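Here is a set of questions and answers on aromatic rings and their partners.

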Amino acid sequence: MPFTRLATATTPTCHLGLGLAAVARPGYINLGRTEDLGDNRSVETLRTRTHELLDAAYAQGVRYVDVARSYGRAEEFLADWLKARPEVDDIVIGSKWGYTYTAGWTTDAERHEVKDHSLQTYERQRAETDELLGARLDLYQIHSLTPDSPALSDKELHGRLAEAAAAGLTIGFSTTGPAQADTVRAALAVTVDGEPLFRTVQSTYNVLETSVGPALAEAHDAGLTVIVKEGMANGRLAAGQAPDAVRAIAEETGLGADAVALALVLRQPWAGVVLSGAATAGQLASNLHAAVVDLDEDQLSRLAALAEEPRAYWERRGQLPWN
């Protein structure tokens, strides 16, 4: 697996990755985007911002980058960055298929992405990803599985994914929604010729949404690499939005609320890679401080008390506006 390359790293940030969902398209559901991005969100402006973030992340020891077909031009921006830096050969790259970007580079589209987990979509998007990232792609994930996704039972799709795995590509999946734990367990049961199909899982886990934790521990025990997304709860755990307990602990540690929030995730024994979704270099630097936050038992107890009921959490997330 490509993640074995990260296992030999010794930098404090080796378990932190950079996700490009927030910077490779003009509209997203994170809070505070007006302050983060301003009004100029042209293709070239966001390309430049993405490249600056990638430079900063690499310089600070980050070695995993996460993109998707539906993240606007994320794959294109990353491919451009890699082409301009041929000496960068030690990063792990993961992308995702299953959503098609439909916003036309606007923030007010009626629909920003369309979900389709069919074999036809996989074949189309795999070709699109291959054209941009080619041999640099290490991991290809089904984007946002839920328990009712046809991708969990489509044997023909499983066969094609297994062929890709046999050719050297790592196959994984990401999850979404209040039944993430059910999705993880269902995906763990998917096999081809008696062998598990999936080698990685990417799920939402943060101070406010911890319900998938036991299932991710099971996945880790089964040998999968666990990637954690939305550790900042789409901005709800940033300084201006964070609950009082998070801000109080941030003051106690002398670091940011974001570092505290991500530190809670990093300390989970099953967490292989924890993604930063930073939109600015300053946010990235603050996020990476999570690697040095040492939470004591009292602080952990106060954070644990903030966990929300999953359906309430996901209902609120679903109400966040694209901006």
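Buried means under 20% relative accessible area, exposed means over 50%, and partly exposed lies in between. The model is predicted.

Q: Is Y28 buried or exposed?
A: The relative accessible area of Y28 is 10%. The cut-off for buried is under 20%. Y28 is therefore buried.

Q: What kind of aromatic pair do Y28 and W322 form?
A: Their centres are 5.9 Å apart, with 75° between the planes. Planes over 60 degrees apart count as edge-to-face. The pair of Y28 and W322 is edge-to-face.

Q: How many residues apart in sequence are the parts that Y28 and W322 tie together?
A: Y28 lies in the loop between β1 (16-19) and α2 (33-37). W322 lies in the segment after α13 (310-319). The separation is 294 residues.

Q: How many aromatic pairs does the structure hold?
A: Rings pair if their centres lie within 6.5 Å. By that cut-off, the aromatic pairs number nine.

Q: Why is the pair of F3 and Y64 classed as it is?
A: The ring centres of F3 and Y64 are 5.4 Å apart, and their planes meet at 40°. Under 30 degrees would be stacked, and over 60 edge-to-face.

Key
Residues are numbered from 1 along each chain as its sequence is written. This is a predicted model: local features need pLDDT of at least 70, side-chain atom pairs count only at pLDDT 80 or more; totals for chains, interfaces and linings use all residues. Side-chain values use heavy atoms; hydrogens and water are left out. Rings of Phe, Tyr and Trp (its six-membered ring) pair if their centres lie within 6.5 Å; planes under 30 degrees apart count as stacked, over 60 as edge-to-face and the rest as tilted. Helices (H or I, at least four residues) and strands (E, at least two) are DSSP runs, numbered from the N terminus. Buried means under 20% relative accessible area, exposed over 50%, partly exposed in between (1.4 Å probe, protein chains only).
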